[in-house]
Amino acid sequence: MIKDSNVPMAMTFPPFLVVLLLALSTGPQCDAIWLNIPKTGTKCVSEEIHSNVVVLADYVVVSVEDGQTATIAVKVTSPYGNNLHHRENVTYGRFAFTTEEAGNYLACFWSDNRTRGNGEVVVNIDWKTGIAAKDWESVARKEKIQGVELELRKLEGAVEAIHENLLYLKSREAEMRSTSETTNARVAWFSIMSLGICIVVSGLQVWYLKRFFQKKKLI
């Protein structure tokens with residue numbers, strides 16, 4: 001970590017600040033995704049993301065089982081099917097975009113027809129979203145901050161991302177609750193209608209049988 005020349009070495013920080021900085025520095029990092037793509041077939045990765053979130057991903061062909069050169073095709077689509085990234089006959093690439101709608105974003109990879117051999121193609125994908133996709137080095141250079149100040153900015157960004165996720169989850173919960181209440185109301189009305197129809201049909205059956213027996217002078 002870069003030391004801040006403006007902070008004396010003997011300066012101490014409150015314990016809660018130290019804990020927060022350690023949590024930020026040792027928190028979960030973005031893990032790479034490894035895909036084994038067969039000669040014929042498609043492998044896809046997806047993530048449910050809310051709107052106005054930065055997505056950044058790098059992909060590269062690592063190796064092929066039989067040692068032959070290989071190229072792949074890549075297509076990234078939004079929840080509504082909009083094409084966000086499409087490349088063919090490549091060995092590496094990057095896509096970056098800001099989500100415009102909430103939902104499931106899908107990235108599909110398949111072996112290009114030009115690929116020789118029958119082995120599987122191994123592709124490495126580094127997928128980052130939100131705060132993990134932010135270029136903190138550029139932020140530090142632009143705002144001329146380093147050391148503790150930079151870590152605090154990262155912490156602030158992480159808190160904002162958590163807050164946005166909570167708001168998104170809250171909106172989804174409200175949407176699901178509204179859907180559930182609407183469904184329950186429809187089921188209740190359907191049950192009432194079914195019960196009413198059964199009562200009417202039973203009454204008609206009793207009335208018909210009564211008239212039938214009266215005509216036959218059985219009652």
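**Notebook: strands, core and a few single residues**

I started at Asn-89, which sits in strand E5. The model is predicted: local features need pLDDT of at least 70, side-chain atom pairs count only at pLDDT 80 or more, and totals for chains, interfaces and linings use all residues. Residues are numbered from 1 along each chain as its sequence is written, and side-chain values use heavy atoms, leaving out hydrogens and water.

**Entry 1**

I looked up phi for Asn-89. The value is near 55°, positive in a residue other than glycine. Most residues other than glycine have a negative phi. Is Asn-89 buried, exposed or partly exposed? Asn-89 has 37% relative accessibility, so it counts as partly exposed. The cut-offs are under 20% relative accessible area for buried, over 50% for exposed, and partly exposed in between (1.4 Å probe, protein chains only).

I then checked Asn-52. Its phi is near 60°, again positive in a residue other than glycine. Asn-52 lies in the loop between E2 and E3. With a relative accessible area of 63%, Asn-52 is exposed.

**Entry 1: the chain as a whole**

I counted elements next. The protein chain has three helices and eight strands. Along the sequence the pattern reads α-β-β-β-β-β-β-β-β-α-α. Of the 219 residues, 26% count as buried.

I also looked at contacts, meaning heavy atoms within 4.5 Å. Among those between residues at least 6 apart in sequence, 77% join residues at least 24 apart. The chain exposes about 15,500 Å², with carbon and sulfur atoms supplying 58% of it. That area comes from the Shrake-Rupley method with a 1.4 Å probe; for residues, only the protein chains shown count as cover.

**Entry 2: confidence**

I checked pLDDT, the predictor's confidence in each residue from 0 to 100. The chain mean is 79, and 79% of the residues reach 70 or more.

Over residues 1-13, the model has twelve contacts beyond four places in sequence. Over residues 15-29, the model has ten such contacts.

**Entry 3: the four-stranded sheet**

I traced an open sheet of four strands in the order E2-E7-E4-E5, with antiparallel pairing. The edge strands are E2 and strand E5 (83-90), each pairing on one side only. Neighbouring strands of this sheet are turned by 10° against each other on average, direction ignored. Axes for such angles are lines fitted to C-alpha atoms, for helices over the stretch in contact, and angles run from 0 to 180 degrees between N-to-C directions.

Two strands pair if DSSP finds at least two bridges between them.

**Entry 4: the core**

I moved on to nonpolar cores: sets of buried Ala, Val, Leu, Ile, Met, Phe, Trp, Tyr and Cys residues joined through side-chain atoms within 4.5 Å. The largest has 23 residues, and those with the most contacts inside it include Tyr-59, Ile-72, Phe-95 and Trp-127. Elements giving two or more residues to this core include strand E1 (33-37), strand E6 (92-98) and strand E8 (121-129).

I listed the neighbours of Ile-72, not counting residues up to four places away in sequence. Among them are Tyr-59, Val-61, Asn-89, Phe-109 and Val-123.

Val-61 is in strand E3. Val-61 is buried, at a relative accessible area of 17%. Beyond four places in sequence, Val-61 touches Ala-70, Ile-72, Val-90, Thr-91, Val-121, Val-122 and Val-123. Val-61 and Gly-93, 32 residues apart in sequence, are 9.5 Å apart C-alpha to C-alpha.

I looked up Asn-124 in strand E8. Asn-124 counts as buried because its relative accessibility is 15%. Its contacts beyond four places in sequence include Trp-34, Asp-58 and Tyr-59.

Last, I checked Leu-155 in helix H3 (residues 148-215). Leu-155 is buried, with a relative accessible area of 15%. Its C-alpha atom is 9.7 Å from that of Ile-131, 24 residues apart along the chain.
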